[in-house]
Amino acid sequence: MNHIENDDKYSGLTVNSGVTQPPVVNPYLQRRKRRPLPTVAEMVEGILKGDVTMLSRAVTLVESLSPDHQVLAQEVIEKCLPHSGRSRRIGITGVPGAGKSTSIDVFGLHVLKSGGKLAVLAIDPSSERTKGSILGDKTRMEKLAVHPSAFIRPSPSAGSLGGVARKTRETIVLCEAAGYNNIFVETVGVGQSETAVHSMVDFFLLIQLAGTGDELQGIKRGIMEMADGIVINKADGDNIGPAQLAQAQFRSALHLFPPTTSGWMPEVLTYSGYYELGIEEVWAMIDRYFEFVEGNGYFERKRSEQARYWMYETINEQLRAHFYNNPEVERMLGEKEVRVLDNRQSSFTAARDVLDYYFTSLRTNSSI
């Protein structure tokens, strides 16, 4: 390539031709073309047939931030909705290190022994700095990951638990339409994720540890009131005694709480996920719960309440997005933020000014 800098009038300046590009490591390697997106009809047909590939692509659409993908995803969900609802939805939570993934691995295998299919939806915490996520749940569920009747789908929280919770709720619909009659939803294990997961499952299982010196500290009123069952993990070897002590403490604490809306008295059991001890007893407890709530009508009532809850949650999310995605509102927010930081306007009057503009624009149907 000829460079103008090599002209004689630019004395003392020379531009080298550069290094020759090395050959491709694999000369037979061809860049794969992205497969065209299936139509809504093709995805729905594949999902109803239990096609894991189509299910995965539909879930990817649900998780996508693209407006076009969201439109397609909602069409798929609407068509799958009549085929959903026939599963046991079980939420599993616990502090990091409590053995949630290991427990899900053994619980899942126990469920699959009696037939059926299992979907595991794991919300993976994302880095607040890089927004990245390891999504390594499959590495901790070694047996389920290779089981032909299991579908494991980790999703990054990406700093927005509300959005992820809604997408997990929609993914449940798709999995049920694909024939998965057991759904496990694993929480991040910190913050308010438990509340979000509790609002989309039928049974909420709390995994605790013993022998850490903070059994009483672990008895938090909020999470305890949500739990339908509490299990003490790692009850093996020298830890059996501490696990039984923790079991007694949790049972005593449960008696201090008001009765549950379902009428069910949460049970406290011990088990070992690593050594697969007490798994049948834990699952027998879950069977008893479903028999109880289906018998007194609470199961259907809770499903209806959850559907109403997610309708209003979706409205709140859409209103929030509509507000913040408006260019004029975005510009005003930047200006008001400067005024607030310079102490030229209070936070409350600044917020009122922006909201007044937004509502006025809605009424006049001008820029929104």
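**Exercise 1.** Classify Phe107 as buried or exposed, then describe its ring pairing with Trp283.

*Solution.* Step 1: Phe107 has a relative accessible area of 1% and is therefore buried, where buried means under 20% relative accessible area, exposed over 50%, and partly exposed in between (1.4 Å probe, protein chains only). The structure is a predicted model, in which local features need pLDDT of at least 70 and side-chain atom pairs count only at pLDDT 80 or more, while totals for chains, interfaces and linings use all residues. Residues are numbered from 1 along each chain as its sequence is written, and side-chain values use heavy atoms, with hydrogens and water left out.

Step 2: Trp283 is at 8% relative accessibility, so Trp283 is buried.

Step 3: Rings of Phe, Tyr and Trp (its six-membered ring) pair if their centres lie within 6.5 Å; planes under 30 degrees apart are stacked, over 60 edge-to-face, and the rest tilted. There are 14 aromatic pairs by this rule. For Phe107 and Trp283 the centres are 6.2 Å apart and the planes at 40°, so this pair is tilted.

Step 4: Phe107 belongs to helix α4 (residues 100–112) and Trp283 to helix α11 (residues 279–295), so that the pair links parts of the chain 176 residues apart. Helices (H or I, at least four residues) and strands (E, at least two) are DSSP runs, numbered from the N terminus.

**Exercise 2.** Assign the geometry of the aromatic pair Trp264 and Tyr289, and find which cluster holds both residues.

*Solution.* Step 1: The ring centres of Trp264 and Tyr289 are 5.4 Å apart with 85° between the planes, an edge-to-face pair.

Step 2: Trp264 sits in the loop between α10 (240–254) and β7 (267–270), whereas Tyr289 is in helix α11, 25 residues apart. Trp264 and Tyr289 are both buried.

Step 3: One aromatic cluster contains Trp264 and Tyr289 along with Phe203, Phe290, Phe292 and Phe299.

**Exercise 3.** Locate Gln345 and list its side-chain polar contacts with Lys336 and Arg339.

*Solution.* Step 1: Gln345 lies in the loop between α13 (327–341) and α14 (347–364). Its relative accessibility is 14%, so Gln345 is buried.

Step 2: A polar contact is a pair of N or O atoms within 3.5 Å; within protein, one must be able to donate a hydrogen and the other to accept it, and residues adjacent in sequence count only if both atoms are side-chain atoms. The Gln345 side chain makes such a contact with the side chain of Lys336 at 3.4 Å and with that of Arg339 at 3.1 Å.
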